[in-house]
Amino acid sequence: MIISKNNFDSKLPHVKTTIFTRVGNLARQHGALNLSQGFPNFPVDNILIELVAKAMREGYNQYAPMQGYYGLREAIVQKIERLHQRTYDPEKEITVTVGATQAIFTAITAFVHPGDEVIVLKPAYDCYEPSIEINGGIPVLLQLNNKDFKVDWSEFKRKITSKTRLVIINTPHNPSGTIFSKEDMLQLQEILRPTNVILVSDEAYEHIVFDRRQHESASRFDDLASRSFVCASFGKTFHVTGWKMGYCVAPEALMKEFLKTHQFAVFSVDHPVQRAMAQYLKNEEIYTGLSLFYQEKRDFFLNRLNNPKFKFTPSQGTYFQLLDYSGWSNESDEALAERLIKNHKLACIPISSFNQNNEDHGLLRFCFAKTEETLEKATHILNSI
């Protein structure tokens with residue numbers, strides 16, 4: 001029997017191919033310089049490559065433990081203790097995941113029931129809402145303003161109802177490049193304190209914060225930590241996005257439910273890479289020095305951008321920079337992004353794709369996790385427009 005496309009109902013009827021795939025394909029077709037998707041184009045540290053190869057040669061090529069190699073979980077505990085003064089149990093409160101995205105999806109799947117509401121701050125990374133909807137949940141969207149992307153905490157509080165199961169935050173924030181302040185986290189903590197709402201804190205860019213600012217992890221705050229899944233990405237931290245390696249920490253009761261889903265979704269994660277990461281994390285300068293490394297790239301990009309048609313506020317974190325073109329053109333961001341690819345051979349991401357109802361504020365996102373040569377070419381193109 002051949003199943004007709006009309007014989008089943010899609011669980012995600014409104015979901016299209018992601019903007020990253022569409023822009024990436026168009027960039028390849030036109031040979032455009034690609035500053036769209038968030039991946040570095042410079043080499044990975046050879047020490048890390050050799051550690052993975054060593055683990056493979058030593059025979060660590062079969063399944064890792066379901067929650068992850070214990071030595072890596074211990075290294076994560078030590079990292080969080082040093083940075084955020086929070087102690088997690090490596091046996092019961094940490095799971096190594098297939099990137100931060102799998103951690104987020106698993107946390108949502110483990111707790112969201114049909115009809116549950118999940119608050120999402122827009123613009124938002126595009127995996128959140130489909131993950132909610134495929135589990136029968138209802139995304140409750142709160143659009144941030146397009147100037148400083150600050151949360152209106154009064155409005156946020158009004159969004160919480162008896163049906164609110166979960167809240168998702170992202171700091172440092174993709175796509176805006178802003179970060180939550182300590183005051184933001186304290187307000188969030190006080191609003192959630194009298195509730196049973198679970199927090200998913202997407203901290204994929206945890207080590208990329210600029211101008212001597214501090215990343216305010218949910219792990220730093222007692223009540224938030226007691227209700228939070230903190231999801232992070234080794235791929236972003238160590239320039240190995242293709243390895244899809246991340247982790248999730250949460251209190252034991254939450255992690256117990258998380259693991260019920262995790263074990264049947266992926267069971268375990270790449271074993272030799274986990275062994276390598278455990279060794280690599282022993283040199284804390286590798287991740288503590290990341291902010292300066294990327295701040296220099298941000299500044300290189302912005303210092304060479306001298307076209308007054310593009311306005312900007314320097315990114316506070318992540319490796320993304322927004323450019324505002326609304327002062328000189330009424331063209332939609334998707335149309336301009338397409339024209340940049342086809343006519344100028346430069347790819348970026350239109351921000352409307354991340355906004356509620358695809359609101360368009362004339363903003364484009366550029367990834368500066370690139371070599372200086374690439375950034376030089378990109379700013380030359382932008383300056384010529």
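## Strands E3 and E4

Leu 121 stands opposite Leu 142 in E4. This pair can be found in a predicted model, where strand E3 (residues 117–122) and E4 run parallel and are joined by six bridges. Together with helix H5 (residues 128–134), E3 and E4 make a right-handed β-α-β unit.

How many of the six residues of strand E4 are buried? Five of them are, so strand E4 (residues 138–143) is largely enclosed by the rest of the structure. Buried here means under 20% relative accessible area.

## The seven-stranded sheet

E3 and E4 belong to an open sheet of seven strands, in the order E2-E8-E7-E6-E5-E3-E4. The pairing in this sheet is mixed. Strand E2 (94–97) and E4 stand at the edges with a single partner strand each, so one side of each has no neighbour in the sheet. Direction ignored, neighbouring strands of this sheet are turned against each other by 20° on average.

Strands of a sheet pair through backbone hydrogen bonds, in either a parallel or an antiparallel way. Strand E7 (residues 228–233) and strand E8 (residues 246–249) run antiparallel, and four bridges join them. Cys 231 stands opposite Cys 248 in E8. Helix H4 (residues 99–111) lies across E2, strand E5 (164–170), strand E6 (198–202), E7 and E8, and runs at about 160° to E7.

## The three-stranded sheet

Another open sheet has three strands in the order E9-E12-E11, with antiparallel pairing. Strand E9 (320–324) and strand E11 (349–350) are at the edges; each has a single partner strand, so one side of each is left without a neighbour in the sheet.

Five bridges join E9 to strand E12 (residues 363–367). Within E12, Phe 366 is the bridge partner of Gln 321. Helix H14 (residues 333–344) lies across E11 and E12, at about 45° to E12.

## Helix H15

Helix H15 (residues 372–384) has 13 residues, which should span 18 Å at 1.5 Å a residue; the end C-alpha atoms are 18 Å apart, so the two values agree.

Which residues of H15 are buried? They are Thr 374, Leu 375, Ala 378, Thr 379, Ile 381 and Leu 382. These residues cover an arc of only 155° around the axis, which means that they lie on the same side of H15. On the other side of H15, Glu 373, His 380 and Ser 384 are exposed. The buried residues of H15 pack against several elements, including helix H13 (290–303), H14, E9 and E12.

Definitions and conventions
Residues numbered from 1 in each chain as written. Predicted model: local features only at pLDDT ≥ 70, side-chain atom pairs only at ≥ 80, totals over all residues. Heavy atoms only, no water. Buried < 20%, exposed > 50% of the residue type's maximum accessible area, 1.4 Å probe, protein only. Helix = DSSP H or I, 4+ residues; strand = E, 2+ residues; numbered from the N terminus. Pairing = 2+ DSSP bridges. Right-handed = clockwise from strand over helix to strand, strands pointing away. Contact = heavy atoms within 4.5 Å. Axes fitted to C-alpha atoms, helices over the stretch in contact; angles between N-to-C directions. Expected span 1.5 Å × (residues − 1). Arc of directions from axis to C-beta.
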